[in-house]
Amino acid sequence: MKPEIWSIVLAAGKSTRMQKQKLLLPYQGEPIIRKVANTAMHATNGNVLVVLGSHRDEIREQAGSGELKFCYNPNYESGMLSSVICGFNAVPDDALAVMLFLGDQPQIPVTVPFRIIEAWKSSRKGIVIPTFTGKRGHPVLIETKYKNEIENLDPQTGLRGLMEKFKEDIFEIECEAAEITRDIDTPADYINEINKIK
């Protein structure tokens with residue numbers, strides 16, 4: 001059976017606020033990027049594409065499994081949308097949807113992407129967004145039919161522009177996981193997440 005869904009892990013940022021490459025920091029005994037990639041691998045049966053930019057060689061080396069696919073975004077400094085576009089262009093043409101994982105969310109429970117995939121199959125909507133107490137988080141699932149729309153979005157508004165334009169094609173799935181709304185941008189964020197590990 002051909003894969004319907006691919007995971008795209010956005011791992012191209014410079015980690016300016018962390019003042020060091022945050023995706024290489026340890027989390028539960030492995031680099032943050034490897035933790036995220038492993039969650040994505042479980043969710044989409046090994047169909048994972050990691051978008052590289054800053055520190056690309058180190059991140060590629062630490063991302064883990066040889067099954068991972070990679071693409072390099074030469075425009076990574078222009079913002080996250082450029083990495084999303086890079087990822088959409090690099091997944092196979094027969095992919096029906098992608099799940100966008102943020103590279104700095106190692107705390108996402110693997111149950112969350114599975115719930116998103118089930119919601120996509122049952123809702124027949126083209127965009128599925130997880131929420132926690134009504135607040136939207138990640139990973140977000142987007143059907144590849146929106147590839148051209150995404151390429152023409154305003155970089156300043158990013159994917160919010162897509163969500164605003166196609167509100168009727170969005171399904172929100174409530175998840176009992178506050179982790180979906182948190183990412184790691186600063187040293188304080190990192191310490192906070194480490195302290196939450198039980």
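What radius of gyration would a compact globule with 198 residues have, and what does the chain have?

## Overall shape

A compact globule of 198 residues would come out near 16 Å, and the chain has 16 Å, which agrees. The radius is taken over C-alpha atoms, and the globule rule is 2.2 Å times the number of residues to the power 0.38. Along the principal axes, the C-alpha atoms fill a box of roughly 40 × 35 × 35 Å.

This is a predicted model, in which local features need pLDDT of at least 70, side-chain atom pairs count only at pLDDT 80 or more, and totals for chains, interfaces and linings use all residues. Residues are numbered from 1 along each chain as its sequence is written, and side-chain values use heavy atoms, with hydrogens and water left out.

## Fold and contacts

The chain holds 7 helices and 10 strands. These are DSSP runs numbered from the N terminus: helices are H or I with at least four residues, strands E with at least two. Buried residues make up 51% of the 198. Buried means under 20% relative accessible area, with a 1.4 Å probe and protein chains only.

Take the contacts (heavy atoms within 4.5 Å). Of those with a separation of 6 or more, 70% link residues 24 or more positions apart.

## Nonpolar cores

A nonpolar core is a set of buried Ala, Val, Leu, Ile, Met, Phe, Trp, Tyr and Cys residues joined through side-chain atoms within 4.5 Å. The largest has 37 residues; Val9, Ile32, Ile33, Val50 and Leu141 touch the most other members. Strand 1, helix 1 (32-43), strand 4 (48-52), strand 6 and helix 4 (111-123) each supply at least two residues. Helix 1 gives the most, with 7 residues. Apart from this core lies another, of 28 residues, including Leu10, Leu81, Val140 and Ile142.

## Isoleucine 5

Isoleucine 5 lies in strand 1. It is buried, at 8% relative accessible area. Beyond four places in sequence, isoleucine 5 touches Thr44, Asn47, Ala97, Met99, Ile117, Trp120 and Leu141. Isoleucine 5 and glutamate 143 are 138 residues apart in sequence, yet 8.7 Å apart in space, C-alpha to C-alpha.

## Largest pocket

The largest pocket holds about 1,100 Å³ of space. Of its 40 lining residues, Leu10, Gly79, Met80, Leu81 and Leu102 are closest to the centre. Strand 1 (5-11), helix 3 (80-90), strand 6 (97-102) and helix 6 (159-165) each supply at least two lining residues.

A pocket is an open set of points on a 1 Å grid over the protein atoms alone, where a 1.4 Å probe fits, with protein on both sides within 12 Å along at least five of seven lines; lining residues have an atom within 4 Å of a point. Grid points are joined across faces, edges and corners, and the volume is the space filled by probe spheres set on them.

Methods. Buried means under 20% relative accessible area, exposed over 50%, partly exposed in between (1.4 Å probe, protein chains only).
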